[in-house]
Amino acid sequence: DIVFLQETSSAFAKATDASPLSSKFFLSRPARMDAKRDQNSVILLDRSTFVKGSAVDVTERVLQSVNGSAAAPGDLYVVSVQLAAPKSRRMLLASFHGDH
């Protein structure tokens, strides 16, 4: 139901919408993708399990709460997303990669 991906390129994110993966999953990605290093954390979410359009990127709030974090742009993606009915509650998911 959830596939956590790290170090993905911006091109992967764009191509996912047109790929066969899009019939089963939708891509949840940060509001700001890092195009310079082009190593981004993203999450594929099953369309039958999660509500598309309900994702709220909370990465910046998480980074602010851990002062002095060594996370480079694109290393961390934290998202709040709603489960589909009948559960209809929100989940907090995080995808992270780091070189340290």
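I began with glutamate 7, which at 41% relative accessibility counts as partly exposed, in a model that is predicted. I placed glutamate 7 in strand β1, residues 2-8, and I noted that it has a positive phi of about 55° although it is not a glycine.

I then looked up aspartate 38, another residue that is not a glycine and yet has a positive phi, here of about 60°. I found aspartate 38 in the loop between β2 (25-28) and β3 (40-46), where it is partly exposed with a relative accessible area of 28%.

Next I turned to the peptide bonds and wrote down that the one from alanine 85 to proline 86 is cis, with omega near 10°; proline 86 belongs to the loop between β5 (76-82) and β6 (90-96).

Is threonine 16 buried or exposed? I recorded a relative accessible area of 3% for threonine 16, so it counts as buried, the cut-off being under 20%. Threonine 16 lies in helix α1, residues 10-16, and, with neighbours within four places in sequence left aside, it is in contact with Ser22, Leu27 and Leu44.

For the rings, I found 0 aromatic pairs in the structure, but I did see that the charged end of lysine 24 sits over the ring of phenylalanine 25, 5.6 Å from its centre.

Last, I examined the largest pocket, which holds about 270 Å³ of space and is lined by 15 residues, with Arg32, Thr59, Glu60, Pro73 and Gly74 nearest its centre. I sorted that lining by class into 8 nonpolar, 2 polar and 5 charged residues, and I noted that helix α2 (residues 59-65) gives the most to it, with 3 residues.

Conventions: Residues are numbered from 1 along each chain as its sequence is written. This is a predicted model: local features need pLDDT of at least 70, side-chain atom pairs count only at pLDDT 80 or more; totals for chains, interfaces and linings use all residues. Side-chain values use heavy atoms; hydrogens and water are left out. Rings of Phe, Tyr and Trp (its six-membered ring) pair if their centres lie within 6.5 Å; planes under 30 degrees apart count as stacked, over 60 as edge-to-face and the rest as tilted. A charge sits over a ring if NZ of Lys or CZ of Arg is within 6 Å of the ring centre and within 35 degrees of the ring normal. Helices (H or I, at least four residues) and strands (E, at least two) are DSSP runs, numbered from the N terminus. Buried means under 20% relative accessible area, exposed over 50%, partly exposed in between (1.4 Å probe, protein chains only). Contact means heavy atoms within 4.5 Å. On a 1 Å grid over the protein atoms alone, a cavity is a set of points where a 1.4 Å probe fits but cannot get out, and a pocket is an open set with protein on both sides within 12 Å along at least five of seven lines; lining residues have an atom within 4 Å of a point. Grid points are joined across faces, edges and corners, and a volume is the space filled by probe spheres set on the points. Ala, Val, Leu, Ile, Met, Phe, Trp, Tyr, Cys and Pro count as nonpolar, Asp, Glu, Lys and Arg as charged, and the others, Gly among them, as polar.
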